[in-house]
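Subject: Structure handover

Hello,

Here is the structure I promised to pass on. Please open it first and then read the notes below it.

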Amino acid sequence: MYKVIFIFCLLIFFNSVQGQPKQTKYALDSIHIHALTDKEWHKAYHLVRLRDSMAGTSTLPDLLLQKTAVFYKEYGRGMIAGISLRGTGTAHTQIVWNGIPVNSILNGQTDLNTFSPAGFSNIYIKKGGSSVSFGSGAIGGVVIFDDNLHFSPGFHLQNQSKIASFETMVNALQIENSSGKFYVKLKSQFQKSKNDYPYPGFKIKNENGAYQGIDYGLIAGYKIHKNMQWYFKSKIANWDRETSRTVYMPQNARLKTNNRYLLTGGQYKKSKFLNRFNAAWLYERYRYYFNKILPEHSNSHGQQWIIKNTSIWRLAGNNKILLGNEWQRQIGLGDHIQRHIRNNYALYAIWTKTNTHLLTRLKLRKDFSSAQVIPLTGAAEFEYKISDKHQFRGNFSRNFRLPTFNDLYWQPGGNPDLNPEESYAYEMGYDAVFASLSFHLTIFNIKSGNLIKWIPISNNFWQPVNFASVTSKGVEVSFSYKKSVSHTWHLAETIQFNYHKVSNDNTGKILPFMPKYVGNNLLSMHHKKWFFTYHFHYQGRIFTTTSNTKFLPAYQLHNLSLTFKTNRHWQVSFRIKNVLNAYYETIPSRPLPGRSYEFILNFKL
Amino acid sequence: MKKINLLLLFSLFVGLTACEKTKIDENTGAFDKGIFVVNEGQFMHGNASLSFTDEKLSQVENDIYKSVNHVDLGDQAQSIGFAGDNAYIVVTGSNKIEVTKANTMEKVVTIASGLTNPRYFETISSSTALVSCWGDPSVTTDDYLAIVNTNSNEVTGQIPVDLGPEKMVKNTDYLFVAHQGAWGTNHKVSVYDLILKQITNVITVGDRPNSMVIKGNFLWVLCGGEPSWTGNETAGQLYKIDINNNFNVVATYDFAVTEHPKFLNLDGDNLYYYLNQKVYKMPVTATTLPTGEFLTYSGNAYNMETYKGKLYITDALDYQQEGTLTGFDLSNGQVIGTQRVGLIPGDLGFHFN
């Protein structure tokens, strides 16, 4: 059955390619690159923009899975989730919220299910090392979330409500108003689910999987004069989740998490100079109840104060220079961690030269930390345009990740003598972009050393050590094709495919919990007021042992959605996820749901 | 051309998954004489398994429970015990005991009710066995021994005990339960009177009693002591207790504060224990701890047991791959064989009917 659907999809794509006339219009993908904004500084990398009109009620894993071929892991629907880019670990993808890296100082990750993607102006995924710009943890890549300020006067309101299987309700509300000088946006997403999905093939349900969460934020901006603006941005997320059982082990636990991100800053911009100042406070709290009906729980907190300043000069001869410095004060505390403070300071410089065909860039960053010696990081990058349709790009970078507070201070086991992880990454890419067809190819290699891993020291005592050296190499390919079959019929197709081989340099074995192949296909059709999408996701088999003897089988997901736009205010969608009711796990013994349904009502003013 | 190749490549992967293989070994054989290895499996990964090998470790058969019964064993298999013709596989994480025919591994029944974090199984009569259970490990007051009727294979009652019951040994009159302390720590041995059918004494011993043997009228209890990571390190201790004289402690042998021995075993008139990659041999008549080791083990023992002149050590390696079982001859300390078994091999069940 799935083969029929897939072949159908392939045929459409194949036929369309045959009939494709040569077009000359140049349109480098859909990413808008404004002068002197942060985006421009990501050239020489392949940036993918994640945009979905239904993002309001989506979870971040849903959105990432639909738009990119990333490997993701989830401890059951709605539970702790992370992604892995280019064969690195979940703590090697940095989540960047309005320019501030927000991964937990306690565990090094951002739980994607507690980070709502609702209401952002832009979401990008950038693969490749980015430590110079984003510091610790930006090894496999970064996911960038931006709330932009819109000073053109107007009022916008959008409300999305979703009802889905397993007694799931989601509501996302977003209100925006601008007077020309003053901009304000309020956004919220509320989710609640009983989440008692049956484990396909077993006579059990996810009986301890209910969750509830709210994520809201206020964005405000004031244009002091034409060159200067002030802003305040925030994101607050409170989650209360039971923790799903495995197939063979019941659970009775519950996890409450709180994340608060507050940011204020200002921007001064002249024709040849821009300065941006940010001050941020990030707070995280985890409360784990081993037995949800008892009050006893374990507690951990993390806090970060960040001050960051970036200045950019546009110089003669198409030269640009960026100077940045950043100060972080990190405080960790909990039942298993005594109060510890770590101060980090970073100084970085980026130089870019652009001419007609060639962009070259050099980056250098030095970090100072009260707890560790951090190596000098840097990058060299280029982008060469052969013509307006073809270009090559490449980069080489050295990146790092600091040990987390848990790695350093967790009792028992924490090891304060850990060194930062280090990686050398290089990649080469080719982009071909025509009016209706685009093709991107990237070949990469990441060599990481001093990787931190918790290993058994004796029977019941584990300790993190700088353990392994790992090489990850691979290829990423993506095709996009758009065609208007007639005035009323439009088609778009994107196929992405990743191959990565991640091996332990000492043993030569493939690292467990890392697939070799990930594929993604998104076909959309638009006819008058109807929108149809077919999404296919493939994840290759994953070894679960370091000896490469046991594995989770590969799986495929097929999702369908149909949207009808009644008028410019109302829109209804119906989605079927996992149409073929496939059994799949991303972590052993933790099945994800079979076929499920979603109904979404969207109102826009 | 490039595009077409890629499409083909992509569709190939779709084809690949359609023919996933499941390996099932039909040649299960009989398990009447040999050693069962209980492979704990990774925490919450549901990949516990059973291996079977002969006493000389000349060959091994892995994953035998699944081969015979075509279902997974569960999460964190802790131990194996025997009663009548049946084997009782205690699966801690899944809160159950899988009852199988010992000679064929064919499943008889699952005991799923009345067991919360069961640990070890010990028969006390032809129809009764006791199973040490932690209860909810976040609660320190709900630990118990489950009473299992081995004819009906049901839990018929509970005997409340002190925190963290673990290993059990018995003679004709008493069953002794070591309280290592589950998630916490404890320093007690409970005495269950097999005739009165109740706990009659609680003996205070050193911190974290981890293993026991009985030789004649004496119970030997090896206490690991508090490890350094607790911040309150205490020395390991070996206790000698007179069973017939009111359970008086007749001797204690103290290790250095940084020494945390484990896996006390008996073979003939000698005690064997493990400490920092070394196996020590101590005659039951000795008045002091041995100074030199009997043999050195190159890995990290996850469990060690003696059986009829042989000593077996399991090794979990990195806990993310199949571990090993190595046998030694106690007459000369030489290796008799080694086999690759399952993930995190622990308890051994010696079955020679």
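**Nonpolar cores**

The largest nonpolar core holds 83 residues, and those with the most contacts inside it are B:F36, B:L50, B:I89, B:I97, B:V131, B:W220 and B:V221. A nonpolar core here is a set of buried Ala, Val, Leu, Ile, Met, Phe, Trp, Tyr and Cys residues joined through C-beta atoms within 7 Å. Buried means that 20 or more other C-beta atoms lie within 10 Å of the residue's own; exposed means 12 or fewer, partly exposed is in between, and C-beta atoms are placed from the backbone. A second, separate core has 59 residues, including A:V102, A:F134, A:A138 and A:Y534.

This is a predicted model, in which local features need pLDDT of at least 70 and side-chain atom pairs count only at pLDDT 80 or more, while totals for chains, interfaces and linings use all residues. Residues are numbered from 1 along each chain as its sequence is written, and chains are lettered from A and ligands numbered from 1 in the order in which they are written.

**Chain A**

The secondary structure of chain A comes to four helices and 33 strands (DSSP runs numbered from the N terminus: H or I of at least four residues for helices, E of at least two for strands). Of its 605 residues, 46% count as buried.

Helix α2 of chain A, residues 60-67, is mostly covered, with seven of its eight residues buried. What do these buried residues pack against? They pack against β1 (47-49), β2 (71-74), β3 (81-84) and β26 (530-539) of chain A.

A cis peptide bond, with omega about 5°, joins A:Q411 and A:P412. A:P412 is in the loop between α4 (405-409) and β21 (421-433) of chain A.

**Two loop residues in chain B**

B:M44 is not a glycine, yet has a positive phi of about 65°. B:M44 sits in the loop between β1 (33-39) and β2 (49-53) of chain B, and counts as buried because it has 20 C-beta neighbours inside 10 Å.

B:Q76, also a residue other than glycine, has a positive phi near 55°. The loop between α2 (64-69) and β4 (77-83) of chain B contains B:Q76, which is buried, with 26 other C-beta atoms within 10 Å.

Regards

Methods. Contact = placed C-beta atoms within 7 Å.
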